[in-house]
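Hello,

Here is the structure I promised to pass on to you. Have a look at it first, and then read my notes below.

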Amino acid sequence: MNDSPHQSVLYKEIIHALQPHEGGRYVDGTLGAGGHARGIMEASAPDGQLLGLDVDPQALALARKNLAPYEQRIHLAQASYTSLSKQLAQLQWDVVEGILLDLGASSMQFDTPERGFSFLQDAPLDMRFGPHVSQTAADLVNEYSERELADLIYQYGEERDSRKIARAIVRARPLHTTRELVAVIESVSPRRGDRLHPATRTFQALRIAVNEELASIKEALPQAVAALRSGGRIAVISFHSLEDRIVKDFFREQSKDLVNPPYERIYEEERKATLKEVNRKPMMPSDEEIKNNPRARSAKLRIAEKI
Ligand SMILES: C[S@@+](CC[C@H](N)C(=O)[O-])C[C@H]1O[C@@H](n2cnc3c(N)ncnc32)[C@H](O)[C@@H]1O
């Protein structure tokens, strides 16, 4: 993400959804360059506070710089949003008014060749969001079985050519660089017209797997609900249908009273709904926003309010 807050995806919609106000406490669990966070700080002036998390030390350094004018009101931590409850306990914040998760990788990460997220630049096959992640994309590509790779590329990348690509990877390995991987993918899955680059989906799948992105969201959402005060809001921007599905199912499930827990959930107790969906259909960027920021094209924003 560059310096301008307006490059932050669905920027206005996020500020409108979270309705930051003075004295409020907010969490940005995916700080990135701090674009959305800056909006929250401006709207909650003069004394609203923010806890900002990111697992990426580079992102955090950038956010610290961009958010310098608000440093008295901001708490930054190099930590995963999966540790939200712990981070809030450290600050002795019982409840917060708003939580934002803007999932996936940032433009800064895509645009830093040596991070290995981009198939347009040659770099080591890394793709880790932060140093806490134990495996790199090279580890997966070189160690997974053909079957595991095909499943991963199909499931997380929704790639039709997943089997062909997995077979070609296994034949060509060891692979160490993005350029080597792109060449393998192109050899079995050539460009089709002006559609997506053939490596797009495989790179996306590897990134999701390396960083265990889907498991992280599942772990974080219940913590977020527990942390919200009544009337507080959670806003989640996802860029992938599986991510959006997790958020949608969670919000729907939490919007219902669980009266007679079904047999398969015998250990769950009856409970009242905890959330109210603010928008049943996800909000998406306007054509204008997509034109200015093509990365926004697959973004979906879901918002829910704590009952
Ligand atoms: C799309 S960017 C956020 C951009 C930000 N909203 C802005 O306006 O600049 C997503 C960020 O989330 C971070 N991230 C990914 N997984 C994370 C996790 N489990 N915990 C905390 N941050 C994470 C990435 O490192 C990246 O910086």
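**What surrounds α10**

Leu152, Ile153, Tyr156 and Gly157 of α7 meet Arg201, Thr202, Gln204, Ala205, Leu206, Ile208 and Ala209 of α10, where a contact means heavy atoms within 4.5 Å. Before going further, please note that this is a predicted model, in which local features need pLDDT of at least 70 and side-chain atom pairs count only at pLDDT 80 or more, while totals for chains, interfaces and linings use all residues. Residues are numbered from 1 along each chain as its sequence is written, and side-chain values use heavy atoms, with hydrogens and water left out. The helices (H or I, at least four residues) and strands (E, at least two) are DSSP runs, numbered from the N terminus.

Back to the α7 and α10 pair. The two helices pack at an angle of about 100°, with their axes 8 Å apart; axes are lines fitted to C-alpha atoms, for helices over the stretch in contact, and angles run from 0 to 180 degrees between N-to-C directions. That makes α7 roughly perpendicular to α10, given that angles under 35 degrees count as roughly parallel, over 145 as roughly antiparallel, 65 to 115 as roughly perpendicular and the rest as oblique. By class, the contact of α7 with α10 has seven nonpolar, three polar and one charged residues. Here Ala, Val, Leu, Ile, Met, Phe, Trp, Tyr, Cys and Pro count as nonpolar, Asp, Glu, Lys and Arg as charged, and the others, Gly among them, as polar.

Helix α9 (residues 178-188) also packs on α10 (residues 200-210), at an angle of about 130° and with the axes 10 Å apart. These two helices are therefore oblique to each other. Thr178, Leu181, Val182 and Ile185 of α9 make the contact with Thr202, Phe203 and Leu206 of α10. This contact has five nonpolar, two polar and no charged residues. The crossing of α9 and α10 is right-handed (left-handed if the near helix is turned anticlockwise from the far one by less than a right angle, right-handed if clockwise).

How much of α10 is buried? Nine of its eleven residues are, with buried meaning under 20% relative accessible area, exposed over 50%, and partly exposed in between (1.4 Å probe, protein chains only). The buried residues are Thr200, Thr202, Phe203, Ala205, Leu206, Arg207, Ile208, Ala209 and Val210. Their cover includes α5, α6, α7 (146-157), α8 (162-172), α9 and α11 (213-227). After α10 comes Glu212, whose phi is positive, near 45°.

Phe110 sits in helix α5 and is partly exposed, with a relative accessible area of 27%. Leaving aside neighbours within four places in sequence, Phe110 is in contact with Ala105, Phe117, Ser118, Arg207 and Arg295.

Arg115 is found in the loop between α5 (107-111) and α6 (137-143). At 10% relative accessibility, Arg115 counts as buried. Its side chain reaches the backbone oxygen of Arg128 at 3.1 Å, a polar contact (a pair of N or O atoms within 3.5 Å; within protein, one must be able to donate a hydrogen and the other to accept it, and residues adjacent in sequence count only if both atoms are side-chain atoms). Beyond four places in sequence, the contacts of Arg115 include Asp56, Gln58 and Phe129.

Asp161 lies in the loop between α7 and α8 and, at 8% relative accessibility, counts as buried. Not counting residues up to four places away in sequence, Asp161 touches Ser189 and Arg192.

Asp28 belongs to strand β1 (residues 25-28) and is buried, with a relative accessible area of 1%. A polar atom of the Asp28 side chain lies 3.0 Å from the backbone nitrogen of Thr30. Leaving aside neighbours within four places in sequence, Asp28 is in contact with residues including His36, Ala37 and Leu100.

The axes of helix α1 (residues 11-18) and helix α2 (residues 35-43) come within 10 Å and cross at roughly 45°, which makes α1 oblique to α2. Their crossing is right-handed. Tyr11, Ile14, Ile15 and Leu18 of α1 make the contact with Gly35, His36, Gly39, Ile40, Glu42 and Ala43 of α2. These residues divide into six nonpolar, three polar and one charged.

Best wishes
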